[in-house]
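Please look over the sequence and the model shown here before reading on.

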Amino acid sequence: MSIDFQEINPALQFMFFIASPLITLSAVAVAYHALYRQAKPSISIYYEPNPDIASIIDLVIINSGGSAAKDLTFSPPIPINRYGIEKADSNQEDTFNYTIRHLSAGRELRYRAGQFAGLREVIPSDLEVTANYSFKSPIRSKKANDISILDIRYLEKAQSSNSAATTLSDALRGRNNTIFIQVSKNISDVTKELKNINNHLKEFKK
């Protein structure tokens, strides 16, 4: 049995003409998808202990993507300013319900969220928050969103303490009982005694 190559060649050419554009389109689509992922912001939202002040929890909003997020909003609004360590303070109620006009790639925003008991009362279980924003893709401006799950329960047993800088600042301002307060008190007492001695000397000279 012989093979007629003249009949096979047109069929191969036809298949090549069909497959070649598909391969090109696939390559373009893969390249665009890679550029899109590099250009897209990536917004994460979470609570974490304040690095300086014991018992205080911060709300952190970070863009770890490749470009700036614009007109960034959150749904539902995020609970903040909820205080109370053992029991929630019902007098403190607020939410982060603002629009962030521009959040650059790699930038982090930090807000005072409150304390454990106050936040636990409004986040009894995982809270799903959607970050909506616009950004400039390789072709045009687009809208996108990222979902974060806010959790507060993992902080229940977390150890916390003031940073050295905060402790020193409080000590110098007399906010805690440290050796600085004793030194300050001793200096004040010595100053008073010197004033009294000086007054007595003035009276004696008269």
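Predicted model: local features only at pLDDT ≥ 70, side-chain atom pairs only at ≥ 80, totals over all residues.

Residues are numbered from 1 along each chain as its sequence is written, and side-chain values use heavy atoms, with hydrogens and water left out.

**The sheet**

- An open sheet is formed by three strands in the order 1-2-7, with antiparallel pairing; strands are DSSP runs (E, at least two residues) numbered from the N terminus, and two of them pair if DSSP finds at least two bridges between them.
- Strand 1 (43-49) and strand 7 (108-114) each have a single partner strand and stand at the edges, so one side of each is left without a neighbour in the sheet.
- From one strand to the next, the twist averages 25°, where axes are lines fitted to C-alpha atoms and angles run from 0 to 180 degrees between N-to-C directions.
- Strands of a sheet pair through backbone hydrogen bonds, either parallel or antiparallel.
- Seven bridges link strand 1 with strand 2 (residues 57-63) in the antiparallel sense, and proline 49 has isoleucine 57, in strand 2, as its bridge partner.

**Backbone features**

- Serine 75 and proline 76 are joined by a cis peptide bond with omega of about -5°, and proline 76 is found in the loop between strand 3 (69-75) and strand 4 (78-80).
- Aspartate 71, which lies in strand 3, is not a glycine and yet has a positive phi of about 50°; with 39% relative accessibility this residue counts as partly exposed (buried means under 20% relative accessible area, exposed over 50%, and partly exposed in between, with a 1.4 Å probe and protein chains only).
- Asparagine 81 is not a glycine either and has a positive phi of about 55°; asparagine 81 lies in the loop between strand 4 and strand 5 (94-96) and, at 22% relative accessibility, counts as partly exposed.

**A surface patch**

- Val190, Leu194 and Ile197 make a nonpolar surface patch of about 280 Å², with accessible areas taken from the Shrake-Rupley method with a 1.4 Å probe.
- Patches are made of residues with over 30% relative accessible area and no salt bridge, and nonpolar side chains (Val, Leu, Ile, Met, Phe, Trp, Tyr) are joined within 5 Å, like charges within 9 Å; a salt bridge is a side-chain nitrogen of Lys or Arg within 4 Å of a carboxyl oxygen of Asp or Glu.
- Valine 190 lies in helix 4 (residues 179-205), helices being DSSP runs of H or I with at least four residues, and valine 190 is partly exposed, with a relative accessible area of 47%.
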